[in-house]
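Please open the model in your viewer and keep the sequence panel beside it. The stops below tell you what to select next and what is there.

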Amino acid sequence: MKKFAGVLALLGLLFSLSGCLGAPDKEERIRIGLVESLSGLDQETGQEVLRGVQLAHQDRGRVLGRPVDLITYDTRGLAYEAATGVTHLTQVAPKVHALIGPQDSQASLEAALIVERVGIPALSGASSSAQIKNTDFYHMLAMDDRDQARAMALFAVDQLNLSHIAICIDEESANGPVFAQAFKEALPAYVKTYDLNYHTGETHFPFIVDQVKRLPVEGVYCPGNLEVTSLLVKEIKSSLPSLVLMGADPWDHENFYALTEGAGQGAYFTSQFAHQKLTTESGGRFYQAYQRAYGQDPTSFAALGYDAYMVLWEALDRAETTDPHAIQRELVRMRDFYGVVGHLDLSPQKDQQKLEILVQGEDASHWKETVTLTNEIK
């Protein structure tokens, strides 16, 4: 009887051990967080990032043999809320294993500080802040503000033949002065530029319009927030319809034409994605999936959101673990990833990068030209 009782006890112990071994790994879910402006200022571009991330999650909802949960935090367009969001997603259970950061430059700076402190791998698909390129755990897919400005400067001279350009600068933004400086530095010496400053939140621009009228400019460069620059473009064009308008990737949204009430037609802007010029198979699949889901063309923000999720998924798969340092190592080794926007290289050394120049039409934006930035140009 004692032997029988001993066998039962041993069997019970074996069963309990078998329940402990492997069960947590099979049941634990992989969690990827998204910190983004889904309401408030920049919600148009933030929602586009979310759409891209969600489509990628639908395509690859499992990794390491486990289901992936996508957890979002809405910053409501407030930069400081990005830091709060990262803290919440990384310190409050259930904690995430990796993060996709906000597309807004100032919000990215706030998020990057916390990301570095807690040591979690994070990737922003659409942020273009030039100040967070060399952080240890926070990475960017999009080319930074300086690259966008340089590409537009080359296009303005080589294709538009402009020699006098006004630059409208949002003094309160983190990236406005960066755009302006890089744009001017990329221009040849014979091109004259004129700085015109405004402030975030302005809705009427009589001073800038008056200044532009007085200057011998042929074009205006407005690399700012979608909502504000749309109003600015509308006022400038109503007084000076022949001026050439140039901007950055925030104009890559269907609302740009509507917000300018048609004044944005013919405007040029930089983008890392052009659906009319897809270069990878994944780009074609993404375009078709986005069209089916939303009935419209995707923007670069959606494309970069999709790629951000896929790059993190690939890093997790290659790392074969959720250890943050292992994931981080795979991210910086990634030089061979071909995503929706083309070849992506997250390593510190990059040979060259390409940006698309799009022009706003009456119905939609259209691809105009590809500008290649080599190491010599950059």
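Predicted model: local features only at pLDDT ≥ 70, side-chain atom pairs only at ≥ 80, totals over all residues.

Residues are numbered from 1 along each chain as its sequence is written, and side-chain values use heavy atoms, with hydrogens and water left out.

**The whole chain.** Show the protein chain as a cartoon, where there are 13 helices and 15 strands; helices (H or I, at least four residues) and strands (E, at least two) are DSSP runs, numbered from the N terminus. Of the 378 residues in the chain, 52% are buried, where buried means under 20% relative accessible area, exposed means over 50%, and partly exposed lies in between (1.4 Å probe, protein chains only). Among contacts (heavy atoms within 4.5 Å) between residues at least 6 apart in sequence, 66% join residues at least 24 apart.

**Helix 7.** Select residues 176-186, which form helix 7, and colour its buried residues, namely Gly176, Phe179, Ala180, Ala182 and Phe183.

Which residues are the closest to the centre of the second largest pocket? Select Asp42, Asp104, Ser105, Asn175 and Asn225, which hold that place among the 31 residues of the lining. On a 1 Å grid over the protein atoms alone, a pocket is an open set of points with protein on both sides within 12 Å along at least five of seven lines, a cavity is a set of points where a 1.4 Å probe fits but cannot get out, and lining residues have an atom within 4 Å of a point. About 540 Å³ of space lies in this pocket, a volume being the space filled by probe spheres set on the points, with grid points joined across faces, edges and corners. Helix 3 (43-59), helix 5 (105-118) and helix 9 (226-239) each supply at least two residues of the lining, and the largest share, 3 residues, comes from helix 5.

**The largest cavity.** Next, select Ala142, Met143, Gln148, Asp249, Ser271, Gln272, Ser300, Leu304 and Leu355, which line the largest cavity. About 50 Å³ of space lies inside this cavity.

**Thr299.** Move to the loop between helix 11 (281-294) and helix 12 (300-319), where Thr299 is found. Thr299 counts as buried because its relative accessibility is 5%. Its side chain is joined to that of Glu48 by a polar contact of 2.7 Å; such a contact is a pair of N or O atoms within 3.5 Å, and within protein one must be able to donate a hydrogen and the other to accept it, while residues adjacent in sequence count only if both atoms are side-chain atoms. Leaving aside neighbours within four places in sequence, Thr299 is in contact with Glu48, Asp252, His253 and Phe273.

**Asp323 and Arg333.** Asp323 sits in the loop between helix 12 and helix 13 (324-333), and with a relative accessible area of 32% Asp323 is partly exposed. Finish at Arg333 in helix 13, which is exposed, with a relative accessible area of 53%, and whose side chain makes a polar contact of 3.2 Å with the side chain of Glu330.
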